[in-house]
Amino acid sequence: TKCESGCVCADGLYENLDGRCVPAEDCPCEYGGLAYGKGEQIQTECEICTCRKGKWKCVQKSKCSSTCNLYGEGHITTFDGQRFVFDGNCEYILAMDGCNVNRPLSSFKIVTENVICGKSGVTCSRSISIYLGNLTIILRDETFSISGENPLVRYSVKMNALHLMFDITIPGKYNMTLVWNKHMNFFIKISRETQETICGLCGNYNGNMKDDFETRSKYVASNELEFVNSWKENPLCGDVYFVVDPCSKNPYRKAWAEKTCSIINSQVFSACHNKVNRMPYYEACVRDSCGCDIGGDCECMCDAIAVYAMACLDKGICIDWRTPEFCPVYCEYYN
């Protein structure tokens with residue numbers, strides 16, 4: 001609206017984020033508060049985006065995968081991004097195919113067994129069972145066991161100090177990567193070559209989070225507890241009627257939980273704040289840290305922070321947040 005003294009770029013040149021004048025083809029692109037130069041790429045699970053003339057040009061990947069997270073004391077993020085919390089002491093179906101009510105025929109089924117891990121009644125995932133026809137993989141007590149066989153399924157196992165990872169291929173149907181941190185966090189990453197419906201606590205994987213609370217009877221539940229109760233593996237287990245707030249049951253732990261979990265909101269994770277909304281992870285961390293009141297409290301807190309760190313890593317941001325004093329990872333015994 002009025003003239004201002006100062007420098008301007010010559011015709012055909014544009015000011016970049018460093019204050020230099022560059023031609024249009026050298027203009028940077030911005031994502032999450034960070035600048036990317038000409039030709040640089042960012043990747044999501046479904047797209048590869050390349051910076052050209054200051055704008056992102058995105059190409060859909062031929063195979064698009066999605067991840068369901070089960071972490072801490074009953075926190076779930078479905079394949080379509082819906083979040084909820086449940087406290088049920090039972091076995092629940094996380095994900096399976098063959099969801100036809102009349103004639104179910106599944107090529108895989110993943111079941112979590114929850115056990116009480118706090119006096120306030122909160123539960124934490126302890127055991128995961130993966131059924132692939134006649135092949136069964138059980139994850140329990142920081143290790144795994146495999147029984148039976150299925151010549152139609154290919155799988156491999158990788159181990160490191162922090163995780164057990166299973167790559168499973170059901171030819172013509174699914175490629176799955178399952179990551180377990182040997183405690184309470186479990187991730188199911190699926191890319192599929194079929195339009196087969198998936199169902200369970202991880203939702204129906206149809207790209208719409210609004211209908212994720214679809215029950216076993218194929219109707220959308222009015223609330224998450226009705227939805228959770230419909231996916232019990234054993235119908236004789238008791239129903240869940242309410243979700244406990246551990247911090248109101250253990251108010252003496254709340255200040256400690258908020259203080260230790262505040263690392264998520266701190267400068268340590270600042271590079272990730274614009275890419276992944278931190279508040280759901282911070283609130284989950286506080287909740288879990290209040291709830292683990294009979295041992296393993298630091299483990300619960302560290303597991304919750306690790307989920308945010310992993311979400312950042314999926315966006316290409318690697319945060320070096322562990323220290324010898326805070327959630328350390330020890331070398332193997334003879335290393």
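How many disulfides does the count come to? Counting pairs of cysteine sulfur atoms within 2.5 Å as disulfides, the count comes to ten.

Some ground rules. This is a predicted model, where local features need pLDDT of at least 70, side-chain atom pairs count only at pLDDT 80 or more, and totals for chains, interfaces and linings use all residues. Residues are numbered from 1 along each chain as its sequence is written, and side-chain values use heavy atoms, with hydrogens and water left out.

C90 is joined to C237, S to S 2.2 Å, and the link is right-handed, with 95° about the S-S bond. C90 sits in the loop between strand 10 (83–85) and strand 11 (91–97), and C237 in the loop between helix 1 (224–230) and helix 2 (246–249), so the pair ties together parts 147 residues apart in sequence. Helices (H or I, at least four residues) and strands (E, at least two) are DSSP runs, numbered from the N terminus.

Next, C247 and C290, with sulfur atoms 2.1 Å apart. C247 lies in helix 2 and C290 in helix 5 (residues 279–291), so parts 43 residues apart in sequence are tied together. C290 is buried, at 0% relative accessible area; buried means under 20%, exposed over 50%, partly exposed in between (1.4 Å probe, protein chains only).

The link of C272 and C312 is left-handed, at -100°. It connects helix 4 (residues 270–273) with helix 6 (residues 297–314).

C7 is exposed, at 82%.
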